[in-house]
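Welcome, and please load the model in your viewer. We will go from stop to stop, selecting a few residues each time.

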Amino acid sequence: MTNILILGANGRIARIAEKRLLAETEVHLTLVLRNSERLNIVDPRREQVVEGDVTDSRLLKRVMHDQDIVYANLAGNMELLAKNIVQSMLTNQVKKLIWITGSGLYHETPEPFGSWVEQVVGHASKEDTRQAARIIESSTLQYTIIRAVYMTDDCKVDYELTQKGETFKGTMVSRASVADLVLQIIHHPSTYARTSLGIAQPGTDDMLPQIKLMERNR
């Protein structure tokens, strides 16, 4: 049985991925989040919930043991989180990391969407995510970085991928699509090893006006 450690298990993408993993696979999930009461256990035989903060290196050491894949769905001090996670994985000889982040990691997102993201997220926060990615990419891990554009709660799974070094396509994507990519990586880890993938819904290159409207109506 494959053991998967999910960090930030209450995130909206993570919850979709967890539901599908339980329904479609035989994996065992270790679910880490700050408030364990937020999660409802579906299958106690295959789910272990751990309450704690991922910045706690002692917690990571405890939950990392015997894991096959780490899926990180986090927010906060991303550089610190990346350092702690990478170090814990290397110490425990866990090789596969799936890391969720945003578009614009390499300034690869076309204008005007790229500048809008940088402004909304904040330059300091974007630089923090970039430094986290550098830490991951300079490690020996078999990582996959997922760079997602503006995310919606549409249940439709429809996406295309761009590689690092390519111009980013699209401006929005459903969380269901990102979760689907996570499952594809879990099913085929070697195919996506040491890659950084941009993900967006096809045909959404010029959707910034609609995105701004959705942001105002949130």
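Rings of Phe, Tyr and Trp (its six-membered ring) form a pair if their centres lie within 6.5 Å; planes under 30 degrees apart count as stacked, over 60 as edge-to-face and the rest as tilted. This is a predicted model, in which local features need pLDDT of at least 70, side-chain atom pairs count only at pLDDT 80 or more, and totals for chains, interfaces and linings use all residues. Residues are numbered from 1 along each chain as its sequence is written, and side-chain values use heavy atoms, with hydrogens and water left out.

**Stop one: the rings**

Select F113, W116 and Y150, which ring pairs link into a cluster. The count of aromatic pairs comes to 2. One of them joins F113 and W116, stacked at 6.1 Å centre to centre with 25 degrees between the planes.

**Stop two: helix α4**

Where do F113 and W116 lie? Both are in helix α4 (residues 113-121), 3 residues apart, about one turn of the helix. Helices (H or I, at least four residues) and strands (E, at least two) are DSSP runs, numbered from the N terminus. An α-helix has 3.6 residues a turn, so residues three or four places apart point the same way.

F113 and W116 are both buried, a word for under 20% relative accessible area, with exposed meaning over 50% and partly exposed in between (1.4 Å probe, protein chains only). The buried residues of α4 are F113, G114, W116, V117 and E118. After α4 comes G122, with a positive phi near 105 degrees.

**Stop three: the largest pocket**

Now turn on a pocket display. On a 1 Å grid over the protein atoms alone, a pocket is an open set of points where a 1.4 Å probe fits, with protein on both sides within 12 Å along at least five of seven lines; lining residues have an atom within 4 Å of a point. Grid points are joined across faces, edges and corners, and a volume is the space filled by probe spheres set on the points.

The largest pocket holds about 1200 Å³ of space. It is lined by 42 residues, and the closest to its centre are N73, L74, A75, I100 and M151. Which element gives the most to this lining? That is α4, with 5 residues.

**Stop four: the largest nonpolar core**

A nonpolar core is a set of buried Ala, Val, Leu, Ile, Met, Phe, Trp, Tyr and Cys residues joined through side-chain atoms within 4.5 Å. Select Y71 and I146, which touch the most other members among the 40 residues of the largest core. Helix α6 (residues 175-187) supplies the largest share of this core, 7 residues.

Zoom in on I146: leaving aside neighbours within four places in sequence, its contacts (heavy atoms within 4.5 Å) include I98, W99, V178, L181 and I199.

**Stop five: D180**

Stay in helix α6 and pick D180. D180 counts as buried because its relative accessibility is 11%. Its side chain and that of R20 are joined by a polar contact of 2.8 Å. Such a contact is a pair of N or O atoms within 3.5 Å; within protein, one must be able to donate a hydrogen and the other to accept it, and residues adjacent in sequence count only if both atoms are side-chain atoms.

**Last stop: I85**

Finish at I85, in helix α3. Is I85 buried or exposed? I85 is buried, with a relative accessible area of 0%. Not counting residues up to four places away in sequence, I85 touches residues including L7, V54, L74 and W99.
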